Structures are given as structure tokens and as C-alpha cells.
Amino acid sequence: MMRFSFLRLVTVASVLACVASECETKRDNQTRPPGTLGESKDELNAPPSIATQGTVGSSCFVQGVRLMRVRGFGLVTGLQGRGSSGCPASVREEIERELVRFASANPHLKNLPPSDSVVDSLDTAVVEVMGEIPAGARKNRRFDVFVTAIDPATKSLVGGRLMHCDLKIFHEVEPARVLEGRALARAGGPVFINPVLLDGDNTGEPDLLTGPVIAGGENLDDRTLRLVTPVESYSMVQRMADVINTHFDTDPKTADAASATNINLTVPKQYVGREGRFLEIVLHLPVSTSPMELEARGKVLVGELGRPDAPLEDVALSLEGLGKSVLPLVQTLYTDARRHVNYYAARTGMRLGDELAGEVMARHARDPNSPFRMTAIRELGESPLTYIAAVVMQELLGDSDPRVRILAYEAIKRVDPGAIVRLRIGQQSGNFVLDVLPARGSPLIYARRTGSRRIALIGGESLALKPPLFYSSPGTGMTLSAQPDDRQVTVMLQIGNGRIGPYKIPLDLPVLIRFLGNDPEKDVDGRLMGLGLDYGAVLHALYRLGETGAIDAEVRWEEPSIEDVVGPLKPLGRPESDL
């Protein structure tokens, strides 16, 4: 019997945003290790810990690490009579101007209706669009946005698609007020509504007027990360910039000493999407370049790593910042009986490319009793030791814990992409991605709801539907049916008073998913290639077919645990935007 696990969208939005951007915006305290100089007088006077003494982070603080909140208004189309015409006058003017721009930019689209009739149509709804641009995001970086229907008379946003609209800096203003200023991002794409809400499984009235557009936002400008020193000293700033550039060795340079207090940072390509990891490295690099001082510091830090009350995360990061010269020191701790010691020592070594450390990390990943199991899997998935990680991840795909299998799949995407058969469903609309990969154990279906629209069939290369079955979609008019002896499933689509189909599709689940989501085009033989159903509609079908036993697989929704994925976190800090 399938289990389908869902979290409430609103209550976990901030947690999922943190995981999706890898907590790169740990904000204030999160981006500065203990003892790092901050913006308050108390922080400036606080003595640095042994773990962070003499690091770049102990001499400066970071600007540009908070999420930049942006907001706009847009039009959701394709609602098939479930929309509304209600809209404040100022917002209507903005939407109609956007529609005129759209028509001008697409002269090949003939007979477009007047902009005012489009807004008045019950097939559309005006929505407020909200999003947060990640810290250090480069131009064209994608991020999730959330839409909410302005008019409560709107019945549902299910199946809708947000037309492209501008997003501008967020201010606490009247909801109907049109925002001024330069556009910082654009947003558009299919609106995703939790498919379980369509069946009323949750208590209370389902909220069908709010939902994310997964990866629907696009940043229009590079966001600058900047190190700022509290005391003017060009020599100090230049020394820190040189240390950073020596470590990363990129072209263009990672650090630019822009003034006597400021160092502008450019996130290297390998850290795009992992800006938090980049900042961790930068802030824990040693300012000193003296070999004798660095050797002495390495010995002190190794001693700290074995102390129970030491700030282990900072100690390990500072050891990593010393480079490969510390490998002989940390290797002595790989066999330490204390799990926290051998884990952080191995993590340091593995990040520096030590194969022996990879074997220690693999033991943590395989051990169900290790408190570092989840983080070890994630570390292996991001490590340079891809050949070790690939072997471990293939084993873990058949683990009894679905969370482990999902993390292993996410890791395999990087360390062994050839193990995955990847299918892009809906070439024109960019609907979603279907990943199919072999694995031991019972099949597992995993669906993402942040960062990308993606379904993974883990152990699903031979997954098939089991007749008899019947499914009727509550939002699209699509039905699936098969009698006990049928070798195909019958697919039909009801649109208004018309009907499309019936179509006979093999019981093979990947084939059915492709047909449901592919663009509604015909091949050279005149056969329909797909129904063009959106991501949410396809997931709802999988959910209900599993509930009735027509799919013999467990289905898991993305439910990331902050503690599992990135370890214990400090308070998130201030909620306001970084203007």
C-alpha cells in the first residue's frame, strides 16, 4: 500500500526555501562564525573563539546575505471558468500594460483578445506574486515564487499558468498598490497546487487560491556579496583578498579589494546554488600566510576537535581552510572511537580530496545508527571523490529507509548521472523532468515541490499499472481505466461538452507519465504524443492510483528536514529584506 506524505505549504515555506537554496542565506549569525565581527557593538567587542581566531571571518562581516524579498502582480490563465474578473483599478492598469507588451513582443500570435477582456474573463485571475531572491544569486538564477489570488471570488488556481510579470523590491504597503522602481526579477510558469487538497483530505476548507510556481522566478541582476571590515586598512583588505583568490584561483578573481573596508565577492561557478558553502569557506580561511603559524594553528585545531564542548563545525571548517597540509594531522582521527570526532575529521579530509576520509564517510552513510548518516550522504554527494560516492549511493538506493533512498538519489544526480534515464516531459512548456533509475528493494516514487518540477521512479524501470483500475481527475476532466484482463489503460479527456480520446496506452508507468505530461502534439503518423497535463495533475493521478493499489509503490513527497540535511541551525535572524 502506498503512503503519500505531505506537509502544509504555508507552514513549511521558509524551511523549504532554506533547504532549496542550501541555507546560503543563514542571515546575520548564520553567516558569521562565533567571534566573527558583526554589526552590533557587543559583537565588535566579543573575543573570537580559538576556532575562528585569525580567520577572514574574525576580521569582517558579510553584507548581502539576507533574502531579498520581491513582489509583483500577474495574471494566471487557463482556469476554465474558475477565475474571476475582480481587480483593483491600479493593478488592472499594470496587468493590461503587461498584456500590451506581451502582444507587441509576440506579433506572430494572431487574433489576441483585447487586454481588458482578458482580465475580465473567468478563465483568468489576477494574483499577487511574492518571492525571495537568494543571497549572492547570479543573473538568471531561478527561485520559487508564490501566487495568491487577489479576488476571493476566484474559485481555484488549479491548472493555471502565471503569465510573465515583473517583481520589484518588497515593502509593507497596501495590497492593491502598484509597486514602483526597477524590476529585479521576472516570474512566470505553471501554478502548483498541492494535489491532495483537490480531494478535501485535509481538515477545513482547502486553499486553492495560493500556490507556488516552482522555479518560476528569475533574477535579473547579480547580487553582490561583500566583506566589510570595521576599521579602514587597505593592507588588511588586500591581504584577505589575496588569501581568498589564492584559495579559489578563478578567472575572474573571486575577491576584489574595492576600498579600504570593502571586498566584493564573485561566487565561483562551482558554487553557484551553493553560496552558503562558498561563504563558509571564505570566512574560515586563515589571514596569515606564514607556514610556521599555519602549522601551529593546525595542531591547535586538531586538539580542539577532540574536545567535547568545542564548536566542532567551526573547528572543522578552519581546518579545511588550512588546506591539504593538515591531512596528516586529521588522518590520525579517522579511527577515533568518538563518532563526532571521526566524522568531522573525515569530512575535512574528504573535502580536501583524501580517499581514506571517503571510506570513513561511507561508513557513516551506511550505518543506520550513526547520528551523522544523513549529512554524510549529502557530503558524499558533493565530494570530489565521486567514484567512492557512486558505489555507496547505488547501495543506499535499496535501503529500507525511504529518506536515505531519496538522499542517495539526489546525490547520484551529481556523482553518477549516467545511472539515471532522464526524460524531459513537455518540451515546449518545460512541464517537468522524469528520472528513472534501477534500484534494489520495492519501487519508490519521489516528487519534488521546490527548486524544480521533478518526479523520480527509484527502482521503477519496470514499474507498471495493475488492473483493474479507475481514476477520474477532479480538475482536468481526465479519466484512466482498465479492466482486469486489459493490457492497456484507456485515457480520455473531457473538455467542456467535448471529449478527446479514447487513447490506449501501455500499462508501463513511465510511458503513461510521459503521455499525460507531454505537449499535445501529433507525430508524423498523426498520433497524439501527450495531453499536456501540468505537474500537479500528473502527481494527483499517481497519488490516487497508488491509494487504490493500481501502483505497487510507495510515493514520497519532498519533506526535507533541516537537521537531517544541513545539521543543527542557529536562529534565522532578522526577517527584513536586504535592500
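## Close-up views of a predicted model

View 1. Helix 15 (residues 509–517) lies across strand 17 (478–482), strand 18 and strand 19, and runs at about 155° to strand 19. Contact here means heavy atoms within 4.5 Å. Axes are lines fitted to C-alpha atoms, for helices over the stretch in contact, with angles from 0 to 180 degrees between N-to-C directions. Helices (H or I, at least four residues) and strands (E, at least two) are DSSP runs, numbered from the N terminus. A word on the source: this is a predicted model, in which local features need pLDDT of at least 70 and side-chain atom pairs count only at pLDDT 80 or more, while totals for chains, interfaces and linings use all residues. Residues are numbered from 1 along each chain as its sequence is written, and side-chain values use heavy atoms, with hydrogens and water left out.

View 2. Four strands form an open sheet in the order 16-17-18-19, with antiparallel pairing. Strand 16 (469–472) and strand 19 (498–506) are the edge strands, each pairing on one side only. From one strand to the next, the twist averages 15°. Two strands pair if DSSP finds at least two bridges between them; strand 18 (residues 488–495) and strand 19 run antiparallel and are joined by seven. Look for valine 491, which stands opposite tyrosine 503 in strand 19. Helix 16 (residues 535–547) lies across strand 16 and strand 17, at about 145° to strand 16.

**View 3. Strand 5 and its partners, strand 4 and strand 8.** Strand 4 (residues 125–133) pairs with strand 5 (residues 142–149) in the antiparallel sense over five bridges. Here methionine 130 stands opposite phenylalanine 146 in strand 5. Strand 5 also pairs with strand 8 (residues 210–219), again in the antiparallel sense, over six bridges. Threonine 148 has threonine 210 in strand 8 as its bridge partner.

**View 4. Aromatic pairs.** Rings of Phe, Tyr and Trp (its six-membered ring) pair if their centres lie within 6.5 Å; planes under 30 degrees apart count as stacked, over 60 as edge-to-face and the rest as tilted. The count comes to eleven aromatic pairs. Phenylalanine 192 and tryptophan 557 are stacked, because their ring centres are 5.4 Å apart and their planes are at 15°. This pair links distant parts of the chain, 365 residues apart: phenylalanine 192 is in the loop between strand 7 (185–190) and strand 8, and tryptophan 557 is in strand 20 (residues 554–557). Buried means under 20% relative accessible area, exposed over 50% and partly exposed in between (1.4 Å probe, protein chains only). Phenylalanine 192 is buried at 6%, and tryptophan 557 is buried at 2%. Tyrosine 271 and phenylalanine 278 make a tilted pair, 6.1 Å centre to centre with 45° between the planes. Tyrosine 271 is buried at 12%, as is phenylalanine 278 at 0%. One aromatic cluster is formed by Phe192, Phe432, Tyr535 and Trp557.

**View 5. A lysine over a tyrosine ring.** The charged end of lysine 413 sits over the ring of tyrosine 409, 6.0 Å from its centre. The rule asks for NZ of Lys or CZ of Arg within 6 Å of the ring centre and within 35 degrees of the ring normal.

**View 6. Two buried cysteines.** Cysteine 87 counts as buried at 18% relative accessibility, and cysteine 165 is buried at 3%. The structure holds zero disulfides, a disulfide being a pair of cysteine sulfur atoms within 2.5 Å.
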